[in-house]
Amino acid sequence: MNVILRGKSFSVTVDDVLHVTSGVDPAPLARYAVKLHGRWFPPKQVMSLLTRLPVAAFTTQDAYRTMQRLGLEIVEAHTISDGQEERP
């Protein structure tokens with residue numbers, strides 16, 4: 001799947017997502033979370049790892065839509081009850 005951010009095109013797959021997040025500790029959650037490797041990650045962290053762009057370079061909605069289009073499980077962070085804290 002192709003994604004365009006800041007005028008640059010990126011080809012991303014679920015395998016790419018799993019590869020770049022393998023062995024990475026999730027950042028604190030804000031509004032949304034995507035489940036990878038049995039852990040919840042902020043979509044912007046995942047998108048930053050995929051594109052090597054800083055998280056300030058794109059919106060949460062850009063990251064959310066990309067994760068959703070890839071078919072990944074994405075939820076509002078406040079609905080998670082597995083012990084991973086959300087950021088205030």
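User: What makes the approach of the Gln45 side chain to the backbone nitrogen of Ala27 a polar contact?

Analyst: A polar atom of the Gln45 side chain lies 2.8 Å from that nitrogen. A polar contact is a pair of N or O atoms within 3.5 Å; within protein, one must be able to donate a hydrogen and the other to accept it, and residues adjacent in sequence count only if both atoms are side-chain atoms. At 2.8 Å, the pair is within the 3.5 Å limit. The model is predicted, local features need pLDDT of at least 70 and side-chain atom pairs pLDDT 80 or more, while totals for chains, interfaces and linings use all residues. Side-chain values use heavy atoms, without hydrogens or water, and residues are numbered from 1 along each chain as its sequence is written.

User: Which backbone oxygen does the side chain of Gln45 reach?

Analyst: That of Asp25, at 3.1 Å. Gln45 itself sits in helix 2. Helices (H or I, at least four residues) and strands (E, at least two) are DSSP runs, numbered from the N terminus.

User: Why is Gln45 called buried?

Analyst: Its relative accessible area is 16%. Buried means under 20%, exposed over 50%, and partly exposed in between (1.4 Å probe, protein chains only). So Gln45 is buried.

User: What does Gln45 contact beyond four places in sequence?

Analyst: Contact means heavy atoms within 4.5 Å. By that rule Gln45 meets Val24, Asp25, Pro26, Ala27 and Val55.

User: What makes helix 2 mostly covered?

Analyst: The count of buried residues: 7 of 9. They are Pro43, Gln45, Val46, Met47, Ser48, Leu50 and Thr51. Just after the helix, Arg52 takes a positive phi of about 65°.

User: Why are helix 1 and helix 2 called roughly perpendicular?

Analyst: They pack at about 95°, with axes 9 Å apart. The axes are lines fitted to C-alpha atoms, for helices over the stretch in contact, and angles run from 0 to 180 degrees between N-to-C directions. Under 35 degrees counts as roughly parallel, over 145 as roughly antiparallel, 65 to 115 as roughly perpendicular and the rest as oblique. The two helices are therefore roughly perpendicular.

User: Which residues meet where helix 1 packs on helix 2?

Analyst: Helix 1 brings Asp16, Val17, Val20 and Thr21. Helix 2 brings Val46, Leu49 and Leu50. By class, this contact has 5 nonpolar, 1 polar and 1 charged residues. Ala, Val, Leu, Ile, Met, Phe, Trp, Tyr, Cys and Pro count as nonpolar, Asp, Glu, Lys and Arg as charged, and the others, Gly among them, as polar.

User: Is Thr21 buried or exposed, and what sets its class?

Analyst: Thr21 has a relative accessible area of 1%, so it is buried. This helix 1 residue touches Leu36, His37, Phe41, Val46 and Leu49, leaving out residues up to four places away in sequence. The Thr21 side chain also reaches the backbone oxygen of Val17 at 2.7 Å.

User: What makes Asp25 and Arg39 a salt bridge?

Analyst: The closest N and O atoms are 3.4 Å apart. A salt bridge needs a side-chain nitrogen of Lys or Arg within 4 Å of a carboxyl oxygen of Asp or Glu, so this pair qualifies. Asp25 lies in the loop between helix 1 (14-21) and strand 3 (32-36) and Arg39 in strand 4 (residues 39-41), so the pair ties together parts 14 residues apart in sequence. Asp25 is exposed at 57%. Arg39 is partly exposed at 35%.

User: How many salt bridges are there by this rule?

Analyst: The count is 2. Asp62 and Arg65 form one of them, at 3.4 Å from N to O. Both residues lie in helix 3 (residues 60-69), 3 residues apart, about one turn of the helix. Asp62 is partly exposed at 23%, and Arg65 is partly exposed at 43%.

User: What makes the phi of Arg6 worth a remark?

Analyst: Phi is positive, about 55°, although Arg6 is not a glycine. Arg6 is in the loop between strand 1 (2-5) and strand 2 (8-11), and is exposed at 63%.

User: Where does His37 lie, and why is it called partly exposed?

Analyst: His37 lies in the loop between strand 3 and strand 4. At 43% relative accessibility, His37 falls between 20% and 50%, so it counts as partly exposed. His37 also has a positive phi of about 55° without being a glycine.
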